[in-house]
Amino acid sequence: REGWTRWAERIHALAEERDAVILAHNYQLPEIQDVAHHVGDSLALSRVAATATQSTIIFCGVHFMAETAKILSPDKRVLIPDAAAGCSLADSLTAEELRTWKAENPGAMVVSYVNTTAAVKAETDICCTSSNAVEVVASIPADTPVLFGPDQFLGAHVRRMLGRDNIQVWGGECHVHAGINGDQLRAQAEGHPDAELYIHPECGCATSALYLAGAGAVPEDRVKILSTGDMVTAAARSTSRQVLVATEIGMIHQLRRAAPGVEFLPVNERASCKYMKMITPEKLERSLLELRDEVDVDPETAAKARGAVQRMIEIGN
Ligand code: 13P
Ligand code: SF4
């Protein structure tokens, strides 16, 4: 820890010299979360990026998050410590595929999860994150058809919550969350009968969680479908002894900080995002020293995407 403290002092001094704010997603390595000026979910970090007073944003997360920051703050320098940190979910819908889908469904409104490329956002009416997806779709008149992409599990969650059958959902998924399955959840819930369940809506097991509640295996009020930021809020208020967590394992660090008296157990301890973990302390320091990797979005694409991203940060505030 002494080594970390010296490193953190160095990082903070460099950040000040560079007039930079360091943002970290909840799935980042603990050392990165602890050194960042702001830690949060995709929506909270987009809001910070939109209002930051510093001239440089260092995004410790994945590429689409840094791109979103650049769309919101085109005049700022946006850096990511490793530009190769991608996202399997963002890769599951291309702008070309979305244009074809739109052409097949004239009159539909397009809602895209923030886990998309800037080119997909440029073809989108409103973006959303897992914390406001339901509110975003609810803001669209009930008789207007909706194309929701790319995450099939988040899309299924929105359909379930709104009881709307005019929402078409793209078949994409995040390899990490899709890999947390119903069998693992059922086994863990049986092994920890008093535990609450925090389930990210990108999970393949979200439907199983509701099934367990419906079948009376877990009391309904103990099953919570939450974004990563909402998990931290719920943890801070929790009166449970144990919580089973179905999401990427980096999440456990913020949950333990928010509620040290609660035991947080991953439903699948191998659920680690290799892209999020590409951001290492060494690369963060290099990023500050060498001002790399700079993230740029071509101004025409950014201008087309900006409205959809701005609506996203306004809804559910
Ligand atoms: P949230 O932090 O918005 O819940 O998103 C989860 C995620 O998978 C980001 O990559
Ligand atoms: Fe993308 Fe999944 Fe990694 Fe999040 S956890 S960045 S959705 S691959």
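Predicted model: local features only at pLDDT ≥ 70, side-chain atom pairs only at ≥ 80, totals over all residues.
I began with the distance between domain 2 and domain 3: their centres, taken over C-alpha atoms, lie 26 Å apart. Where the two touch, I find eight residues of domain 2 and eleven residues of domain 3, contact being C-beta atoms, placed from the backbone, within 7 Å. On the domain 2 side, the residues touching domain 3 split into three nonpolar, four polar and one charged. Here Ala, Val, Leu, Ile, Met, Phe, Trp, Tyr, Cys and Pro count as nonpolar, Asp, Glu, Lys and Arg as charged, and the others, Gly among them, as polar.

Residues are numbered from 1 along each chain as written, with chains lettered from A and ligands numbered from 1 in the order written.

Next, the domain bounds, which come from an automatic or database assignment: domain 1 is 2-85 + 276-297, domain 2 is 90-173 and domain 3 is 180-266.

Then I looked up the ligands, taking a residue as near if its C-beta atom, placed from the backbone, lies within 6 Å. Around ligand 1 I noted, among others, Asn26, Asp41, Asn115, Cys174 and Glu202. That shell has two nonpolar, eight polar and two charged residues. Around ligand 2 I noted residues including Val62, Cys87, Asn115, Cys174, Glu248 and Met276. The ligand 2 shell has eight nonpolar, three polar and one charged.
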